Amino acid sequence: MKKVLMIGANSYIGNAFERYINDKYIDNKYINDNTNTSESTITIDKVQASNGDWKHVNYEGYDVVLILAAIVHQKEKNSMKELYQSINCDMPVEIAKKAKAAGVKQLIFMSTAAVYGSSVTRITRYTKELPDTLYGKSKLEAEIKLKVMETEDFHIAIIRPPMVYGEGCKGNYTRLVKLATYNPIYPKIHNKRSMIQIDMLCSFLEEVIENTGCGTYLPQDEEYADTIMTIKRIRTIQGKKTIIVPGTAWLVRIAMKCIGAVRKMFGDWWYE
């Protein structure tokens, strides 16, 4: 049995992970009801970060602290630098100090693929971090400060997911769905992108917790995504036809050199 304290009670990933664990337990209980062998391997308590509850909770008795709270999906301004620093870096470090002092065995920090920056396309274990956003910079600084706190009795697990998608998700995938919903015409160009479905990420989190994992993890779906094919699938589910215009890839490639949003949508970005 692992007792988990989740920091970020209203986060998308946090709510999804709680549902994933609860649903799995209910299914197992139904299957094993006659044998009386059903038992949840993970229990979750949640606290909010925005109201400061993380400062007052008693960390003793928990096996794992899972930090999901962060400032993300914001239109960045230089004036927000202190906010990003406070929430995405300083707060996780303070939480880690409290957890370590209380005897917690494992801390899991949900970081981001943004620590690699926007200019990289193919990421290997040797790719250097070069964030170019306040979000990515604050997350990387937190990673560095957390890692030096690790001991044999206090494991630190850093998770850098690519784009997360699934029902109710926010961020870039939501924008992609919105585009697919209203625009029927697209250029014929293919790319290679790492993504992870929310249930896959939840399953991975469960594995890291059960194995008291440490180190830096880059989880992703088994297959790479192709933006145009993803849009086509979304429209097919919506009962809509998609028009793919051949001979237009060169226009997109020119646009990708000048427009970040186009590069982000149609460019390559993948974990090896």
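The chain folds into eight helices and 12 strands, where helices (H or I, at least four residues) and strands (E, at least two) are DSSP runs numbered from the N terminus. Its radius of gyration is 20 Å, close to the 19 Å that the globule rule gives for 272 residues, so the chain is as compact as a globular protein of that length. Here the radius is taken over C-alpha atoms, and the globule rule is 2.2 Å times the number of residues to the power 0.38. This is a predicted model, in which local features need pLDDT of at least 70 and side-chain atom pairs count only at pLDDT 80 or more, while totals for chains, interfaces and linings use all residues. Residues are numbered from 1 along each chain as its sequence is written, and side-chain values use heavy atoms, with hydrogens and water left out.

Along its principal axes, the C-alpha trace spans about 60 × 50 × 35 Å. Of the 272 residues, 44% are buried; buried means under 20% relative accessible area, exposed means over 50%, and partly exposed covers what is in between (1.4 Å probe, protein chains only). Among contacts (heavy atoms within 4.5 Å) between residues at least 6 apart in sequence, 81% join residues at least 24 apart. The chain exposes about 15200 Å², and carbon and sulfur atoms supply 52% of that area; the areas come from the Shrake-Rupley method with a 1.4 Å probe, and for residues only the protein chains shown count as cover. As for charge, there are 37 positive and 31 negative side chains, and the centres of the two sets lie 11 Å apart. In this tally Lys and Arg count as positive and Asp and Glu as negative, leaving out His and the chain ends, and each charge is placed at NZ of Lys, CZ of Arg, CG of Asp or CD of Glu.

The largest nonpolar core has 25 residues, and Phe17, Leu66, Ile108 and Leu205 have the most contacts inside it. A nonpolar core is a set of buried Ala, Val, Leu, Ile, Met, Phe, Trp, Tyr and Cys residues joined through side-chain atoms within 4.5 Å. The elements giving two or more residues to this core include the helices H1 (12-31) and H5 (198-210), along with strands such as S1 (2-7), S3 (64-67) and S4 (106-110). H5 gives the most, with seven residues.

Thr212, in the loop between H5 and strand S10 (215-217), has a positive phi of about 45° although it is not a glycine. Most residues other than glycine have a negative phi. Thr212 counts as partly exposed, at 25% relative accessibility.

Two other loop residues are exposed. Glu167, between strand S7 (163-165) and helix H4 (172-182), has 78% relative accessibility, and its C-alpha atom is separated by 29 Å from that of Met80, 87 residues away along the chain. Asn78 is in the loop between S3 and helix H2 (81-101) and has a relative accessible area of 73%.

Gly103, in the loop between H2 and S4, is partly exposed at 41%. Gly103 and Ala261 are 45 Å apart in space, C-alpha to C-alpha, and 158 residues apart in sequence. Lys145 belongs to helix H3 (residues 134-147) and is partly exposed, with a relative accessible area of 34%. Leaving aside neighbours within four places in sequence, Lys145 is in contact with Gln85, Cys89, Asp90 and Val93.
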